Amino acid sequence: MKKIAVLTSGGDAPGMNAAIRAVVRKARFHDVEVVGVYHGFQGLYKGNYELLDIGSVGDIIQRGGTKLFSARFPEFKEEEYQLKAIERMKEAGIEGLVVIGGDGSYRGAMELTKKGFPCVGIPGTIDNDVPGTEYTIGFDTALNTVVESIDKIRDTATSHENTFVIEVMGRDAGDIALWAGLAAGAESILIPEEDFDLEAIITRLERGAARGKRHSIIIVAEGVMNGHKLAKHLEERTGVKIRTSVLGHIQRGGSPSARDRVIAGRLGARAVELLLENKGGRAVGVKSHNVVDYDLQQAFEQKHVADLSLYTLSKELSI
Ligand code: ADP
Ligand code: F6P
């Protein structure tokens with residue numbers, strides 16, 4: 001291959017820029033040209049792209065967001081849009097595509113590969129929910145942002161002896177809630193992977209109160225329930241005023257952590273190698289700290305599983 005393209009798609013994640021940089025630098029190292037596609041699959045369909053030289057990805061390794069912008073473009077599920085995108089790429093002399101995003105973006109990459117255009121997926125989402133990899137770029141940074149926010153809320157919760165419900169992102173996955181709850185010492189953690197049990201939360205609140213605890217932090221993953229709704233349920237049941245904080249998009253921003261930058265560099269470089277080895281239809285990922293690659297199809301056949309041993313542990317540590 002002499003020319004490849006790269007795009008970012010779905011929700012942005014800290015470390016996407018570091019991955020773009022790695023793709024460009026690794027490809028240029030092998031004398032391969034790289035085209036940056038703007039606005040994900042929308043830009044691919046519209047031909048909204050330009051050549052990225054070595055200097056164009058300078059000074060972005062430390063920046064959150066994505067230099068290439070991202071978009072949700074549901075039209076890309078339709079074959080007509082996919083074929084147009086392939087036609088445009090061929091006209092531009094592009095021979096392979098690196099897609100940085102979550103499993104939705106991987107479906108786009110899979111459709112293009114099935115139609116004869118080789119694609120490789122790099123997992124970039126704060127949710128850590130891409131099947132086939134233990135890690136997705138952006139999770140570590142988002143997790144640290146969430147923990148820092150909970151620590152701050154804890155200060156005021158302690159001072160005013162309040163109970164707080166804090167809603168975090170994660171779509172259908174509980175990883176952010178689970179890891180953040182454990183790291184911040186939350187009293188209760190609610191994740192979509194476990195049954196919702198209002199009485200269990202109340203029992204924990206009462207047990208804490210009985211031993212003199214006057215504040216409490218309850219982390220709820222957005223995939224379980226809206227934080228305000230949970231607070232209402234708890235208020236109705238306990239008669240105690242509950243504060244709610246929805247962290248929202250602050251979780252998606254910020255300078256990527258060292259871990260996210262390093263993993264982005266490793267995965268970006270491996271994705272380019274795969275294309276140069278003519279191995280389209282693959283996804284790169286991390287398993288037991290090693291970089292791995294696997295068939296893109298597997299990402300849809302498997303299901304991401306959160307580490308539920310952390311859930312059990314959090315209950316034991318926050319009695
Ligand atoms: P993520 O990649 O973070 O999971 P989305 O699920 O929103 O985010 O998917 C991102 C984009 O990927 C969509 O807006 C669409 O352009 C493309 N996409 C998602 N599903 C498909 C599909 N089945 N076929 C083709 N493209 C898809
Ligand atoms: O996939 C990343 C994510 O931030 C999810 O955690 C969240 O559910 C979703 O994107 C929010 O999407 P939007 O920014 O389009 O509201």
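Ala, Val, Leu, Ile, Met, Phe, Trp, Tyr, Cys and Pro count as nonpolar, Asp, Glu, Lys and Arg as charged, and the others, Gly among them, as polar. This is a predicted model: local features need pLDDT of at least 70, side-chain atom pairs count only at pLDDT 80 or more, and totals for chains, interfaces and linings use all residues. Residues are numbered from 1 along each chain as its sequence is written, chains are lettered from A and ligands numbered from 1 in the order written, and side-chain values use heavy atoms, without hydrogens or water.

**View 1. The largest pocket and its lining.** The pocket holds about 600 Å³ of space. (A pocket is an open set of points on a 1 Å grid over the protein atoms alone, where a 1.4 Å probe fits, with protein on both sides within 12 Å along at least five of seven lines; lining residues have an atom within 4 Å of a point. The volume is the space filled by probe spheres set on the points.) Its lining has 27 residues; Gly10, Arg72, Gly104, Ser105 and Arg171 lie nearest the centre. Helix 4 (residues 103-114) gives the largest share, five residues. (Helices are DSSP runs of H or I, at least four residues, numbered from the N terminus.) By class, the lining has seven nonpolar, 11 polar and nine charged residues.

**View 2. Helix 1 against helix 9.** The axes of helix 1 (residues 16-29) and helix 9 (residues 258-276) come within 7 Å and cross at roughly 40°. (Axes are lines fitted to C-alpha atoms over the stretch in contact; angles run from 0 to 180 degrees between N-to-C directions.) The two helices are therefore oblique. (Under 35 degrees is roughly parallel, over 145 roughly antiparallel, 65 to 115 roughly perpendicular, and the rest oblique.) Among the contact residues are Ala22 of helix 1 and Gly268 of helix 9. (Contact means heavy atoms within 4.5 Å.) The contact residues divide into eight nonpolar, two polar and three charged.

**View 3. Helix 6 against helix 11.** Helix 6 (residues 175-184) and helix 11 (residues 309-317) pack at about 30°, with axes 10 Å apart. They are therefore roughly parallel. Leu178, Trp179 and Leu182 in helix 6 meet Leu310, Tyr311, Leu313, Ser314 and Leu317 in helix 11. Seven of these residues are nonpolar, one is polar and none is charged.

**View 4. Helix 5 against helix 6.** Helix 5 (residues 139-160) packs on helix 6 at about 50°, with axes 9 Å apart. That makes helix 5 oblique to helix 6. Trp179 of helix 6 takes part here, and also meets helix 11.
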